[in-house]
Structure formats: C-alpha cells, structure tokens
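User: I am new to this structure. Can you show me how to read its features, one at a time?

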Amino acid sequence: HSGIYPLGNQAWYDNAIAVSPADADKIYFGGIMMYTYSPSTGLHKIPDFTYPEAAANKNMEQFLYAINDRNADEIYAATNKGVFKTTEGVSNFTSTQFYDHNYQLNARDFLSLAVAHNGQVIGGSLDAPGLLIGNINDRHFINLNSDFEDCAFSQIDTNYVFIEGYYGRLMESKDMMASFFSALDTAIDPYNYGYPSTCNNNYFSHFILHETRTAYTTTDTVSFTANTQLAAGSTIDGKSVNANTTFQYILSQNINSGEVIHVPDPIKSRLFFTSGCGIWMKRHAESIVNPDWYHITGYNPGYIARFAVTKDGNKIYWGMDGGFVMSIEGLNLAHYNRSDMIDSFHVVKDTIKHAGDIESIAIDPNNDSIMLVTTGGTNLLSDSNVFKSTDAGHTWKSIQVGPKGLAAYTCVIDMNNSNNYIIGTEHGIWTSADAGATWHPDYGEMCDVPVFQLN
C-alpha cells in the first residue's frame, strides 16, 4: 500500500502479524506502527500505544501478537517496552487502543549499563528518552532524543559520564548528566557532524573508558615546583592532567626550593573508540585538552563486539568475527604526534581456531597474561563457547561452558579472586570458582534468560 510503512524498514527486526479467531477477514500487523485491515473496513493505523514513560509511539517495536481464542477482543502485543493489551480488538477494530500491561515487569531495551562507586546505575537505551539514571530506590529518564548503546562512568572524576549513540555519536557530561555535549574534536570530526565525519560508520560503534592510577611507565609528565628544599626519598603530591587528580611520587634526588622538575604522570583516563576508518583514542578523557583524539590504527576493524585494556593501559585488545583477536601494544610509551599516529603502532592478529564470532574479552585484573573470550551464535561446529589464554592471547584452549552450542556473550574475571569466572550466556549466568575447570548455572531468581553484559 503506497505511503504505508508499518515496519519502518525494520522487517528483519520487528515484524508481527495475527488473524482474528472471530473473523478470518480481520488481520493485525505491524513493526514500529500497528495497522488493522479487513475487506469491509480497509486499512487503518491504530492509535499510539499508551505508555507511562513515553509521550508518543516512539520506536514501539512490535514482535508478536497473541489473541485470546475465547475472547477475540483481548489482544496482547509483545514489544520492546514490554507487554501491551487491548480489550476492544474486534469491537473497536479500526481504532483499538493498547495500554501498558507490564504489572511488575520492568521491560525496556537496554544495550549497555555502567555502575559508579556510589551505586548509581545508568543504562543506554534504544528507546526515547534514551538514558536511564537510577539506584536501588529511584529511577528516572533523560530525554536525549536518540538511541544510545555504550555508556560509562568515570571512576576518577564521578562528574564525568560518557554515552554513545547511533553512527558514533559519542557524548560526555562534566556535571553528572545535567548537560551533555559532543566528546569529539576536529581531528576525528573535522566537519562537526557530531560523529566521526570522515568515516563510513556502523549504526553502533563501541567504545571503552579505561582508567588507571598505576601507569608508572609512561612518557606523560607533569611539572612540580618545590616550595622548600626536599631530600631524595621524600614523597610529593603531583597533579595529573586527567581530571586534576593528585598522585604521590617519591623523589629520586634532592631538589632545591623553587626548582621545577618533571615527574611521570601515572594517572590515565582514555577513551578507545571504533569507527569505519579504524580505532581512535582520546588521550585525556577528562581534561580540557583539545584536540586530543589520535588515530591509533587505520586497520579497518569491521564489527567489534567489545574492547579490553590491560590494567596499566599499555595494551588494548578487541575481538572480531571469525575468531580473530586483535591487539596494539605500547600505548603508554608512545610519543603522540597527530600526523603519524596511524604508523606508530603494529596491529597483532591472533586467531582462535574453530571459534565463532568474538562477543567479549576479559583480562585478569591481577595478571595481564590471562584472558577469556566468549563466542556467540549457536555454533555446533565450534569447539567451544569460551576460550582461555595464559600467554596474552597468542594461544587459546577451550573451557566450554554448559552444553555444546550454547552462545556466550559476556565474561568477567573477579578482581578480588582470579579463580572466579562469570559468564553471561543465552541461558543465564554461569560461574566457575576454579579458573574454568568446572562450571555451574548461577542465575538464581533472574531465571534462565539471555545475559549480554556483566559489570
């Protein structure tokens, strides 16, 4: 029908149709909009679904309609905002109204989450308003009029929050989400489009915020002026360029009053961001330094599920389709020159044989050589859904979680106990207390549901 687009070019994602059990001439169909049709009434768009947290039918993506065989007026719709119901599906066929029927089911599309030290949580949503802010006692939404995927709290300066929307629209807040603005500069976005404007970007492009206070081997320095004579072995307070955070440094030599020295800055807060033209790094995520984005590799990464960074920030890994694990080393000791950054690093490409597409990577916080990756898809030909490396990703062995063919999407290694592994799979959370030798399901009251991200 000319001019009617109920699926919104998303037939691969949301596409529902049902026939009334009371009258085979009456059908219901839709995707992001819902329509009814019968030969006698013709085609009608039904009113927007009534939803308490949305002013209009914004991305009300519909996946399934279920009709009560004994009462054809009663129809349920499964959507990206949960369950909706009408009690006039036949009696008011051309303009039936659906209402939120979630009861205690809190259902929304969230593609990422982040947790701050104070327990506050944010979630990146595919639905307007776009960003959930909450804690155990309260929650509210910020209407950013955009879809958002990745999000991150700074653990160094808790006023900083980063979120990423479609086509690489990376935004930051310096005032704990009171306001947001683009986190990009003219190096990555020369045309000021709000996304990497020289690249052909994917709809979603992942980023990771990596922070450390222990990057002692580094070319970054800050100046210190002594206000009195100090002896070697004295401890001084330095001030990092990252979020104006202080750190302690032990003098290796005597210095005189008024003398200026340069000391290594061990505090790093960096953003790693993928685009259609390679991987970028914002060298100081929380600072007024501008411009500060560097193109660390022009290698076209394709689809990247997740990044992982070593504790000291010197090496970054990312996973790709086909079992490829890529890495770049030497980030802390590099001399950053905007004109030659692409040529400054060597990309290492290791292959996990008989693996599916890489979904996530985890590095042991206490040992950079130990890593996990998970692979997705119901791949019965794959040797495993989880692989482990003890030599920084050069060789891998299978540590299968659950039954063969079970997709695994996310992994965590406990920072307080390196023997504790936590895996999110198509069938809930699985854990190991013996470094992957044995596994058991551990989803408790959350039940057997797909788990795509763990923090």
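User: How do the residues of the lining of the second largest cavity divide into nonpolar, polar and charged?

Analyst: Keep in mind that this is a predicted model. To read a lining, sort its residues by class. Here the lining has 5 charged residues, 2 polar ones and 1 nonpolar one.

User: What volume does the second largest cavity have?

Analyst: Its volume is about 30 Å³. The model has 2 cavities of 30 Å³ or more.

User: Now the cysteines. How many disulfides are there?

Analyst: First the general idea. A disulfide is a covalent bond that joins the sulfur atoms of two cysteines. In this model the count is 1 disulfide. Cys 199 and Cys 277 form it, with their sulfur atoms 1.8 Å apart.

User: Where in the chain do Cys 199 and Cys 277 lie?

Analyst: They link distant parts of the chain, 78 residues apart. Cys 199 lies in the loop between β16 (181–182) and β17 (207–212). Cys 277 lies in the loop between β22 (268–275) and β23 (278–282).

User: Is Cys 199 buried or exposed?

Analyst: Cys 199 is buried, and Cys 277 is buried too.

User: Why does Cys 151 count as buried?

Analyst: Compare its accessibility with the cut-off. Cys 151 counts as buried because its relative accessibility is 10%, and buried means under 20%.

User: And why does Cys 447 count as partly exposed?

Analyst: Cys 447 has 43% relative accessibility, so it counts as partly exposed.

Conventions: Residues numbered from 1 in each chain as written. Predicted model: local features only at pLDDT ≥ 70, side-chain atom pairs only at ≥ 80, totals over all residues. Heavy atoms only, no water. 1 Å grid on protein atoms, 1.4 Å probe; cavity = no way out; pocket = protein on both sides within 12 Å on 5 of 7 lines; lining within 4 Å. Points joined across faces, edges and corners; volume = space filled by probe spheres on them. Nonpolar A, V, L, I, M, F, W, Y, C, P; charged D, E, K, R; others polar. Disulfide = S-S within 2.5 Å. Helix = DSSP H or I, 4+ residues; strand = E, 2+ residues; numbered from the N terminus. Buried < 20%, exposed > 50% of the residue type's maximum accessible area, 1.4 Å probe, protein only.
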